[in-house]
Amino acid sequence: MTADVLPQLTARIRAAAHPGPTSPCACGTTTLAHRPDTTVLRHAATVAKAHAPDTDPTALTLRLAIATGLPDVFLPPLAPAPAAFVGDRPVTLWPYGAPLDPDAPEEAPWEAAATLLALLHRTPPTAAAPPMRGPAKAAHAMARLGEALAATGAHPAAAPVLRAWSALPPWARAEAPVPDRPRTLCHGDLHLGQLVRYPAPDGPWRLIDVDDLGVGDPAWDLARPAAWYACGLLPPDEWSRFLGAYRAAGGPAVPQDGDPWAALDVPARALTVQTGARYLAKAIAADRPLDTVEQSLIDACARMAPE
């Protein structure tokens, strides 16, 4: 990430929020996220996101078009293509939506998330829709873990993650096409941080973050909640609410009744490994021990692929 991302992006979002000749504003600019692969700022009612440097602008434009065409599912972008570039990073513009209050986990909108996913999965994809990037994102997490281990040496928690990754089928590691499974539009990175209320503060819930949006196995979008449930991190009643709402809305990723795990097992395992790899790489970089949640993912990897 270049040192001038924040000032350049700040200038871009101020211009977008106040087009034309205006007096100096006193709105202030808030940093919502600032990581090596993503920077997100808010200015008044406008949000600007600088995507990762390796983002394909053509594929991003296709993803923006999908979001624009599904206003009942996605927060609608303010422009149909990247509005600018900050260095080599495309910038997209969005209206502000109110996220879930982190201090009120009991208000987690599991039913809304499931219903939005079912609506997305039931939407016929166009021929131009790019592939969903879920398996590629898992492979990227493993690559980052490999870089962290190469820089610092072996870590005792790495072995179960590497074994669990090797035990996954090639398609879940982005090394082969997805086998005979439904092919639908998918979000690609579903978690509760990907939902906002729009219009803020109390409008209906909408999905955000189109970076991984595309055509793939819809079970991947259910995989993170499934993985957290299997690891004991998501209470059974919340998992039941999520799965029940998805089925009630006609979602095609799992059968309408009976055991859903034939469809969910591999994606849930892949998300467990991906999340464990991300957590471990961050802990190594910060030279700190794993916390309880992070260790639970490592333990799950060990159970998935025992020595």
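Biologist: Why is T272 called buried?

Modeller: T272 has a relative accessible area of 4%. Buried means under 20%, exposed over 50% and partly exposed in between, with a 1.4 Å probe and protein chains only, so T272 counts as buried. This is a predicted model, in which local features need pLDDT of at least 70 and side-chain atom pairs pLDDT 80 or more, while totals for chains, interfaces and linings use all residues. Residues are numbered from 1 along each chain as its sequence is written, and side-chain values use heavy atoms, without hydrogens and water.

Biologist: Where is T272 found, and in which helix?

Modeller: T272 belongs to helix α8 (residues 261–286); helices are DSSP runs of H or I with at least four residues, and strands are E runs of at least two, numbered from the N terminus. Apart from neighbours within four places in sequence, T272 is in contact (heavy atoms within 4.5 Å) with A227, C231, L297, A300, C301 and M304.

Biologist: What makes α6 and α7 roughly antiparallel?

Modeller: Helix α6 (residues 219–230) packs against helix α7 (residues 236–248) at about 155°, and their axes lie 10 Å apart. Angles under 35 degrees count as roughly parallel, over 145 as roughly antiparallel, 65 to 115 as roughly perpendicular, and the rest as oblique. α6 and α7 are therefore roughly antiparallel. L222, P225, A226 and Y229 of α6 meet P236, W239, F242, L243 and Y246 of α7.

Biologist: How many residues of each class are in the contact of α6 with α7?

Modeller: That contact has nine nonpolar residues, no polar and no charged ones. Ala, Val, Leu, Ile, Met, Phe, Trp, Tyr, Cys and Pro count as nonpolar, Asp, Glu, Lys and Arg as charged, and the others, Gly among them, as polar.

Biologist: How do you know that strand β3 is largely enclosed?

Modeller: Five of the five residues of β3 (residues 46–50) are buried, so β3 is largely enclosed by the rest of the structure. T46, A48 and A50 point one way and V47 and K49 the other, and all are buried.

Biologist: What makes β2 and β3 a pair?

Modeller: Two strands pair if DSSP finds at least two bridges between them. Strand β2 (residues 38–43) and β3 have five, in the antiparallel sense, and L41 has A48 as its bridge partner in β3. β3 also pairs with strand β5 (residues 89–95), again antiparallel over five bridges, with K49 opposite T92.

Technical notes
Axes are lines fitted to C-alpha atoms, for helices over the stretch in contact, and angles run from 0 to 180 degrees between N-to-C directions.
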